[in-house]
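Here's a quick briefing to read alongside the model. Have the structure open while you go through the points.

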Amino acid sequence: MNADTLFGIHAVTTLLKRDPKRVRRLLVQQGRGDGRLQELIERAEACGIEVQRRSRAQLDEQVAGVHQGVVAECMPLRAGTETDLEQLLETLQEPALLLVLDGVTDPHNLGACLRTADAAGVHAVIAPKDKSAPLNATVAKVACGAAEVVPYIQVTNLARTLQLLQRYGIWITGTAGEACDELFDSDMSGPLALVMGAEGKGMRRLTREHCDRLVKIPMAGEVSSLNVSVATGVCLFEIVRQRKSLG
């Protein structure tokens with residue numbers, strides 16, 4: 001099996017804390033011995049992970065991005081399945097908060113959405129297997145550790161999955177610019193799955209038809225829409241605000 005690479009001090013530290021068994025080997029820049037990097041090396045060695053020194057040029061060649069002197073070679077991330085989702089729903093002890101991404105294919109956007117989902121307390125991110133970004137090193141880097149802790153569920157049939165969520169009493173709320181109801185005027189406090197569509201195209205028709213309601217983010221300027229990861233953040237933290245206001 002091919003190895004993924006994860007780089008950057010924060011991302012690698014989070015991986016070592018959350019899932020050290022995924023790490024095959026740690027590559028560290030020669031000549032760097034600052035405190036944060038040394039702490040990371042000690043954590044890796046305590047987990048029995050091989051640590052090797054490399055020149056900065058060698059690390060630059062291995063990854064496209066700011067590696068901060070550390071690269072982890074690790075087993076690829078695995079997306080969850082419909083079975084994993086059902087197990088999650090069966091064991092939840094609080095109102096569900098799920099994020100559904102319909103047609104988000106950019107790994108940078110997926111990584112940003114996972115990071116925001118983790119911050120907002122989302123229980124899982126759901127996406128169709130087709131026309132969706134896979135879990136890869138870019139996603140993991142942008143997510144800054146969230147890809148290791150937030151379940152990313154890829155399903156064969158998204159419409160069928162939305163029906164499953166409804167059977168569990170979860171309200172399906174889709175986002176669309178032409179919706180009549182505004183986000184901030186809508187009750188988002190109960191068990192909820194927030195559906196975000198692809199930039200430009202929005203949700204697919206069948207996905208839209210399976211939503212219980214549609215809401216929109218009010219836009220005051222000339223721009224008609226937001227980047228999907230930004231819009232996701234706005235919506236999720238409005239949900240968080242409403243839930244906190246209920247105590």
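A salt bridge here is a side-chain nitrogen of Lys or Arg within 4 Å of a carboxyl oxygen of Asp or Glu. By that rule, Glu209 and Arg205 pair up through their side chains at 2.8 Å, N to O. This is a predicted model, so to speak of local features a pLDDT of at least 70 is needed, side-chain atom pairs count only at pLDDT 80 or more, and totals for chains, interfaces and linings use all residues. Residues are numbered from 1 along each chain as its sequence is written, and side-chain values use heavy atoms, with hydrogens and water left out.

**Salt bridges**
- The whole structure has 10 salt bridges.
- Glu209 and Arg205 sit 4 residues apart in helix α8, about one helical turn; helices are DSSP runs of H or I with at least four residues, strands are runs of E with at least two, and both are numbered from the N terminus.
- Arg205 is exposed, at 57% relative accessible area (buried means under 20%, exposed over 50%, partly exposed in between, with a 1.4 Å probe and protein chains only).
- Glu178 is exposed at 52%, while Arg208 is partly exposed at 29%.

**Nonpolar cores**
- A nonpolar core is a set of buried Ala, Val, Leu, Ile, Met, Phe, Trp, Tyr and Cys residues joined through side-chain atoms within 4.5 Å.
- The largest one has 52 residues, and Leu26, Leu99, Leu114, Val125 and Leu194 have the most contacts inside it.
- Helix α9 (residues 228–245) gives the most to this core, with 6 residues.
- A second, separate core has 19 residues, including Leu85 and Met203.

**The sheet**
- Seven strands make an open sheet with parallel pairing, in the order β7-β6-β5-β10-β8-β11-β9 (strands pair if DSSP finds at least two bridges between them).
- β7 (152–155) and β9 (181–182) are at the edges with a single partner strand each, so one side of each has no neighbour in the sheet.
- Strands β5 (residues 97–102) and β6 (residues 124–128) run parallel, joined by 3 bridges.
- Leu99 stands opposite Val125 in β6.

**Helix α1**
- In α1 (residues 9–18), 7 of the 10 residues are buried, so the rest of the structure largely encloses this helix.
- Among the buried ones are Ile9, Val12 and Leu16.
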